[in-house]
Amino acid sequence: EFPRVNITYPLNNSNFTSSSISINYTVQDFNISSCWWTNNSGVNNNSITCGTNITYNNDGMRINVTVYANDTDNNRNSSSITFNKDSIIPNLTLVKPSDNDGLTSNVSISLNFTASDLTSGVQACWYNLDNTVNITLSNCANSTFNTSEGGHTAYLYSNDTFGNLAS
């Protein structure tokens, strides 16, 4: 009889923002010999003590982890799980305005920035002036804004599809 392998956590197609994920599984067989796991279709196999949970630390989309078990009669079985993991905030760079712009006008001030996220993608961008009402930037596009005279602070934000926030 083949060993029974069952990944109990995480659920298939789960999403995570934590830096590490515990992959829980069970193995049932009277004559279990060895266990191992891979996240790249067997290119790199990682030996484990059967029944010991796996800690997974890498970010990525559509991560596939397979846990294998082999018994003393050389019967082998496996269980696989696919999940997504993004614990990295988007890359958000403000180009304009800058502290050194020396703005003399308060009309059509450029808001130029870049927002990117290599893992799950940028979901939204927004800004506010002086911590007031947030203004959404459609498609995370550069924009302009007007202010009253005097000193002001612009706050720029971006989040990815997993909710990781950059500011």
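Which residues does Phe83 touch, not counting residues up to four places away in sequence? That was my opening look-up, in what is a predicted model.

**Entry: Phe83.** I listed the contacts and found Pro10, Ser14, Phe16, Ile21 and Ile23, then Tyr56, Met61, Arg62, Ile63 and Val65, leaving out residues up to four places away in sequence.

**Entry: the cores.** Next I looked up the largest nonpolar core, and it has 17 residues. Phe83 is among those with the most contacts inside this core, together with Ile23, Trp37, Ile54, Tyr56, Val65 and Val67. I then checked which elements give two or more residues to this core: they are strands S1 (4-9), S3 (21-28), S4 (32-38), S6 (54-56), S7 (60-71) and S8 (76-85). S7 supplies the largest share, 4 residues. Apart from this core I noted another one, of 12 residues, which includes Ile109, Phe113, Cys140 and Phe145.

**Entry: the sheet.** I followed the strand order and read S2-S8-S7-S4-S5, an open sheet of 5 strands with mixed pairing. Why is one side of S2 and of S5 left without a neighbour in the sheet? Strand S2 (14-16) and strand S5 (46-48) stand at the edges and each has a single partner strand, so one side of each has no neighbour there.

**Entry: S7 with S8.** Last, I picked one pair and went through its bridges. S7 and S8 run antiparallel to each other in their pairing, over 9 bridges. For Val67 I found the bridge partner Ser79 in S8. Val67 is also one of the core residues with the most contacts, as noted above.

Methods:
Residues are numbered from 1 along each chain as its sequence is written. This is a predicted model: local features need pLDDT of at least 70, side-chain atom pairs count only at pLDDT 80 or more; totals for chains, interfaces and linings use all residues. Side-chain values use heavy atoms; hydrogens and water are left out. A nonpolar core is a set of buried Ala, Val, Leu, Ile, Met, Phe, Trp, Tyr and Cys residues joined through side-chain atoms within 4.5 Å. Buried means under 20% relative accessible area, exposed over 50%, partly exposed in between (1.4 Å probe, protein chains only). Contact means heavy atoms within 4.5 Å. Two strands pair if DSSP finds at least two bridges between them.
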